[in-house]
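Dear colleague,

I am passing on a structure that I would like you to look over. The sequence and the coordinates come first, and my notes come after them.

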Amino acid sequence: MPYKTFLGLPENIVAALCYPVGWLSGLFFLLLERKNKFVRFHAMQSVLLFMPYVLFLFLVAWIPTIGWAIADSVGMPGMLLIVIPMYMAFRGSKFKIPIIGKIAYNFAYGE
């Protein structure tokens, strides 16, 4: 039986919901979920993944003439950054994205 969260939903559902709106949904669940470490791990991973990514896209888009083309070409494949971790969280996996996954794991589980 999956553990419950503050919403009363199974933890894998809430963990998967940390990714669809990027860092905003991660921050939302990071602030609201205080007890469930699995959800906090995925929420922190979402924040650490999407904040720099969105900042990078924003800065690249300001490059004159070709900025929007570069941002679009990098941004469209970025959908995989939402779909893959979301699917892994739904499966109940502690899927660690390289570098930031370890930081998020240490944050949530305190090791």
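Predicted model: local features only at pLDDT ≥ 70, side-chain atom pairs only at ≥ 80, totals over all residues.

Residues are numbered from 1 along each chain as its sequence is written, and side-chain values use heavy atoms, with hydrogens and water left out.

The protein chain has 6 helices and 0 strands, where helices (H or I, at least four residues) and strands (E, at least two) are DSSP runs numbered from the N terminus. Its C-alpha trace spans about 55 × 25 × 20 Å along the principal axes. Of the 111 residues, 41% are buried, with buried meaning under 20% relative accessible area, exposed over 50%, and partly exposed in between (1.4 Å probe, protein chains only). Among the contacts (heavy atoms within 4.5 Å) with a separation of 6 or more, 60% are accounted for by residues 24 or more positions apart.

The accessible surface of the protein chain comes to about 6,900 Å², and carbon and sulfur atoms hold 75% of that area; accessible areas come from the Shrake-Rupley method with a 1.4 Å probe, and for residues only the protein chains shown count as cover.

Several loop residues deserve a look. Leu-17 sits in the loop between helix 1 (11–16) and helix 2 (23–32), and Leu-17 is partly exposed, at a relative accessible area of 36%.

In the loop between helix 3 (37–61) and helix 4 (67–75) lies Thr-65, whose phi is near 70°, a positive value in a residue other than glycine. Thr-65 is exposed, with a relative accessible area of 82%.

The loop between helix 5 (80–90) and helix 6 (100–109) contains Gly-92, and Ile-99 lies in the loop between helix 5 and helix 6 as well. Gly-92 counts as partly exposed at 42% relative accessibility, and, once its neighbours within four places in sequence are left aside, Gly-92 is in contact with Asn-12 and Phe-38. The C-alpha atoms of Gly-92 and Arg-34 are separated by 18 Å, the two residues being 58 residues apart along the chain. For Ile-99, phi is near 70°, again a positive value in a residue other than glycine, and Ile-99 counts as exposed at 69% relative accessibility.
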